[in-house]
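Hello,

Here is the structure we spoke about. Please look it over; my notes follow below.

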Amino acid sequence: MRTATYFFIFLNLSLALFEEPAVYPLPFLATSVLEVLCLLVFLGRLTHFAKVTLHNVFWKDTKNICIMVAILLSLTDMAVYGVLKLYDVRSIRWSRIVRPIFLINFAESRQIRRAFRSIRNTLPEITYVFLLFMFSLLMFSLMALKLFGERDLQTAEGLPYFRNYLETVFDLYVLVTTANSPDVMMPAFDFSSWYALFFIAFVIVNTYIFMSLFLAVVYNNYKKHLKVMLGGVCD
């Protein structure tokens, strides 16, 4: 049962590769038949679990309620999408976002639920570090706007360089990952090589200090919550 459940969960999640817009598109009828098959298996697994569980215990378990709601939403979305497709009305399969619910809430996925709960419990504790990082990013963006915005600089594509605050925030946010380095710096560097100091300071503070601190806080808190959960009784 566990192997079969994992197989159909994997098949259900893999359907996103074949549904429009898809990497390898298949006809809607083919993907809908496969999805209905997966949902029937999930419903059968839930029914089997209900027959070997006390009635009150089954209906008080939020995992079972989540699975039933996910099945209902998936079937409703599939029916609505099929009807709209018959009338050539463009729509999207919004129920895709509920498919991971099956991976998390079945009884066989105890380890995944533990990891998910650890992530959920870790989020509030990393909020302070994230807010400090965002404050630093916003301040550096404001400095960049004042330094470069009034000098009529242009990017290599001929676009305005650091003249819009939100675009500046986004460009520097990408720079934290070093994905646009050193391209984002070159217009300012060509104007004056001293402006490279601004970007060096930004990378040191945000990439090397804040990202390392962020990673350390996430790792330590996740490990702490996972250790607590493994030491207790988890369903």
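Threonine 178 sits in the loop between helix 7 and helix 8. Helices here are DSSP runs of H or I with at least four residues, strands are runs of E with at least two, and both are numbered from the N terminus. Threonine 178 is not a glycine, yet its phi is positive, at about 65 degrees. It is partly exposed, with a relative accessible area of 43%. The classes are: buried under 20% relative accessible area, exposed over 50%, partly exposed in between (1.4 Å probe, protein chains only).

Please keep in mind that this is a predicted model: local features need pLDDT of at least 70, side-chain atom pairs count only at pLDDT 80 or more, and totals for chains, interfaces and linings use all residues. Residues are numbered from 1 along each chain as its sequence is written, and side-chain values use heavy atoms, with hydrogens and water left out.

The loop between helix 7 (165-176) and helix 8 (186-191) also holds proline 182. A cis peptide bond links serine 181 to proline 182, with omega at about 0 degrees.

Aspartate 88 also has a positive phi, about 55 degrees, without being a glycine. Its place is the loop between helix 4 (62-86) and helix 5 (100-105). Aspartate 88 is exposed, at 73% relative accessible area.

Now the whole chain. It has nine helices and zero strands. The radius of gyration, taken over C-alpha atoms, is 25 Å; a compact globule of 235 residues would have one near 18 Å. That globule rule is 2.2 Å times the number of residues to the power 0.38. The C-alpha trace spans about 75 × 55 × 25 Å along its principal axes. Buried residues make up 34% of the 235.

Contacts mean heavy atoms within 4.5 Å. Among those between residues at least 6 apart in sequence, 67% join residues at least 24 apart.

Next, the annotations. UniProt (unreviewed entry) gives "signal peptide" for residues 1-16. In the model that span is 81% helix and 0% strand, with its end C-alpha atoms 24 Å apart. The same record type lists "transmembrane region" (unreviewed entry) at residues 26-44, 65-84, 128-149 and 194-219. UniProt positions follow the numbering used here, feature names are shortened, and annotations may be inferred rather than shown by experiment.

Residues 26-44 are 89% helix and 0% strand, and the end C-alpha atoms lie 26 Å apart. Residues 65-84 are 100% helix and 0% strand, with 29 Å between the end C-alpha atoms.

Best wishes
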